[in-house]
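Welcome, and please take a look at the model below. A short tour of its features follows, one topic at a time.

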Amino acid sequence: MADALALYDRTAEDAAATVISRYSTSFGLASRLLGPRPRPHVRNVYALVRVADEIVDGPAAAAGLPESELRRVLDDLEAETLAAVARGFSANLVVHAFARTARSCGIGDDLIRPFFASMRTDLTTTHHDGASHDAYVYGSAEVVGLMCLQVFVGADTAQPATAAPALVDGARRLGRAFQDVNFLRDLDHDEVSLGRDYLGLHDGVTRIDVLDRIDADLDAAAAVIPDLPADCRRAVTAAHDLFAELSRRLRRSPADGERVRVPDPVKAGLAARAWMGMAPREARG
């Protein structure tokens, strides 16, 4: 029986890794810089996040599911996730992988529920003001950063550890910066294809306001990256520096231009820089 469960666990982790490899080349690059202790757990977290996101924005809608059914599917995924964390098993391989990580690293309902609440917001809210933006970003991005932080400090420990307050603040601000960068990159798609305004740019908020906030968050996060466990710093530095580069390119690009990207050779250079142990770059450096 133990061998059967071990095989199932490995298969679930392989499924999670496949989800990430198909959906995020940038994340796949950064995750390879993680040490073997945190790497599978971070993949497990992001796989569940990706699947939930696809319910509200991707193939579920393309399959013809109406809004009421999308909500039901998302609610079912949340219920299965919470149940799997409680019991230690799911027939859904991605959920099973996440549940193993949550149980071993100390990721609780206090992080899981806000994430799904933000995903449900995408089914009902099309225009965000400052307060609703902050609430949405907390659930959609900051708690994901906190989940990863729990992996960093809690994976393979006898008892899940509690991260220092400075690391908690850094994880939240890094997640927020990542989300706001993606909002700016996807502005046209979100408005035209999805009918959503996440940033409130029509309510007096400017792109420069958002970019200034992003850079402040990136710099605050960079300051605490050296305090992370050694087997996590390189990957977090690479991810930080990639989004700092995106922020710089967004400042130079027109608001109605093509989606801003970082060329693969530049990505490789940032990863090499992080691998050599260099400090995170300043957001406007």
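## A bent helix

Helix α8 bends by about 45° at Tyr-138, where the bend is the angle between axes fitted to the seven residues ending there and the seven starting there. Helices here are DSSP runs (H or I, at least four residues), numbered from the N terminus. This is a predicted model, in which local features need pLDDT of at least 70 and side-chain atom pairs count only at pLDDT 80 or more, while totals for chains, interfaces and linings use all residues. Residues are numbered from 1 along each chain as its sequence is written, and side-chain values use heavy atoms, with hydrogens and water left out.

How far apart are the end C-alpha atoms of α8? They are 33 Å apart, which agrees with the 36 Å that the 25 residues of this helix (residues 130-154) should span at 1.5 Å a residue; the expected span is 1.5 Å times one less than the number of residues.

## The ends and surroundings of α8

At the start of α8, the backbone nitrogen of Ala-131 has a side-chain oxygen of Asp-129 within 3.2 Å. After the helix comes Asp-156, a residue other than glycine with a positive phi, near 60°. Asp-156 sits in the loop between α8 and α9 (165-185) and counts as exposed, at 64% relative accessibility.

The helix itself is another story: 19 of its 25 residues are buried, so α8 is largely enclosed by the rest of the structure. Buried means under 20% relative accessible area, exposed over 50%, and partly exposed in between (1.4 Å probe, protein chains only).

## Core and domains

The largest nonpolar core has 87 residues, and Phe-98, Ile-107 and Phe-152 have the most contacts inside it. Such a core is a set of buried Ala, Val, Leu, Ile, Met, Phe, Trp, Tyr and Cys residues joined through side-chain atoms within 4.5 Å. Its largest share, 12 residues, comes from α8. Domain 1 (1-155) and domain 2 (164-284) each supply at least three residues to this core; the bounds come from an automatic or database domain assignment.

Among the residues that Phe-152 touches are Leu-34, Pro-38, Leu-228 and Val-236, contact meaning heavy atoms within 4.5 Å. The centres of the two domains, taken over C-alpha atoms, are 21 Å apart. Their contact takes 27 residues from domain 1 and 32 residues from domain 2.

## Tyr-8 in α1

Tyr-8 belongs to helix α1 (residues 2-23) and is partly exposed, with a relative accessible area of 22%. Its contacts include Phe-89, Ala-91 and His-96.

Terms used. Helix = DSSP H or I, 4+ residues; strand = E, 2+ residues; numbered from the N terminus. Polar contact = N/O pair within 3.5 Å; in protein donor to acceptor, adjacent residues only side chain to side chain. Lists of a residue's contacts leave out its neighbours within four places in sequence.
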